[in-house]
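Please consult the sequence and structure shown here.

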Amino acid sequence: MNKGLYFADMDKMKKLAASPRFRSRFFSPQEMKFLMSKNFSPYTIGEMFCGKVAFKKAIGASFRDCKMCEVSVLADYSGSYYLSFSGSSKKLITDMGKQVYISCAHNKSMVMSSVTIVERQFHY
């Protein structure tokens, strides 16, 4: 089991959230659609940013060649975050046979995400 955790200051996230260049380079088209539905909330951007960094920390050096825009932090119908992969990151996760879990939270001054990677459980 691998774990990654990342905290960020909300003032930093507000500056990043205001940058269209940052958003277009760092987030996938699916994430951009989700962010638009949230009016580019700095809290949502912060959670998603921290989720990607926490994932990178959890996966370690084996993730070196994958682009951050290939890792999407998305929300299901209930608002719970999950990670979706494309390109070389999808191949890496599939080949490793891992399951990835994410948890995000924020308050007025901080935002954080935690990622846990475990062996895929097969049920027969």
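The sections below treat the basis of the values, the aromatic rings and a surface patch.

## Basis

The model is predicted: local features need pLDDT of at least 70, side-chain atom pairs count only at pLDDT 80 or more, and totals for chains, interfaces and linings use all residues. Residues are numbered from 1 along each chain as its sequence is written, and side-chain values use heavy atoms, with hydrogens and water left out.

## Aromatic pairs

Rings of Phe, Tyr and Trp (its six-membered ring) pair if their centres lie within 6.5 Å; planes under 30 degrees apart count as stacked, over 60 as edge-to-face and the rest as tilted. By this rule there are eight aromatic pairs. The rings of Phe22 and Phe26 are stacked, because their centres are 5.2 Å apart and their planes stand at 20°.

Phe22 and Phe26 are four residues apart in helix α2 (residues 20–26), so about one helical turn separates them; helices are DSSP runs (H or I, at least four residues), numbered from the N terminus. With centres 5.8 Å apart and planes at 85°, the rings of Phe22 and Phe27 form an edge-to-face pair. Ring pairs join Tyr6, Phe22, Phe26, Phe27 and Phe49 into a cluster.

## Surface patch

Leu5, Phe7 and Met110 make up a nonpolar surface patch with about 270 Å² of accessible area together. Accessible areas come from the Shrake-Rupley method with a 1.4 Å probe, and for residues only the protein chains shown count as cover.

Technical notes:
Patches are made of residues with over 30% relative accessible area and no salt bridge: like charges are joined within 9 Å, nonpolar side chains (Val, Leu, Ile, Met, Phe, Trp, Tyr) within 5 Å. A salt bridge is a side-chain nitrogen of Lys or Arg within 4 Å of a carboxyl oxygen of Asp or Glu. Helices (H or I, at least four residues) and strands (E, at least two) are DSSP runs, numbered from the N terminus.
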